[in-house]
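My entries follow the display below.

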Amino acid sequence: MTVRQMGWSGIKNGRLLRLAETTFDVFLTVDQNLPYQQDLSDYEIAVIVLVARSNRLQFLQPLVPSLLEALRTVQIGDLVRIEAFTT
C-alpha cells in the first residue's frame with residue numbers, strides 16, 4: 001500500500017509518523033535524516049531505514065533479504081538501518 005493509496009500524500013515527518021503508528025507496526029523509509037529530524041521515542045512504531053547507493057529500485061532490491069529478516073525481529077520503538085552499497 002502506498003502513501004497515495006492511504007490518502008497521506010504530502011504529509012511529512014512527525015504527522016506522517018503519527019498517522020503510521022495508528023495503522024502499522026513498522027515504518028519503512030529511505031530518508032536517512034528521519035532519525036535526526038524526529039525523536040523516534042515519541043512514537044509507538046518501529047522504523048527501518050534502507051540505505052543504498054541510490055533510492056532506485058535496482059539498488060534497493062539487494063536489501064530485501066535483510067529487510068525480511070529485520071521484519072521478523074523488529075520491535076516497536078526500534079530503529080534499524082539496513083545498508084548495502086554496490087558498485
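**Notebook: burial, strands, dimensions**

I looked up burial first: 32% of the 87 residues of the protein chain count as buried, where buried means under 20% relative accessible area with a 1.4 Å probe, protein chains only. The model is predicted, so local features need pLDDT of at least 70 and side-chain atom pairs count only at pLDDT 80 or more, while totals for chains, interfaces and linings use all residues. Residues are numbered from 1 along each chain as its sequence is written, and side-chain values use heavy atoms, without hydrogens and water.

I then listed the elements: the protein chain has 5 helices and 3 strands, in the order α-α-β-α-β-α-α-β from the N terminus. These are DSSP runs (helices H or I, at least four residues; strands E, at least two), numbered from the N terminus.

I turned to strand β2 (residues 46-52). 7 of its 7 residues are buried, so β2 is largely enclosed by the rest of the structure. Ala 46, Ile 48, Leu 50 and Ala 52 point one way, and Val 47, Val 49 and Val 51 the other.

I checked the partners of β2, taking strands as paired if DSSP finds at least two bridges between them. Strand β1 (residues 26-29) runs parallel to β2, joined by 4 bridges, and Leu 28 stands opposite Ile 48. Strand β3 (residues 79-84) is also parallel to β2, over 6 bridges; here Val 49 faces Arg 81.

Last, I noted the dimensions: along the principal axes, the C-alpha atoms fill a box of roughly 35 × 25 × 25 Å.

Methods:
Buried means under 20% relative accessible area, exposed over 50%, partly exposed in between (1.4 Å probe, protein chains only).
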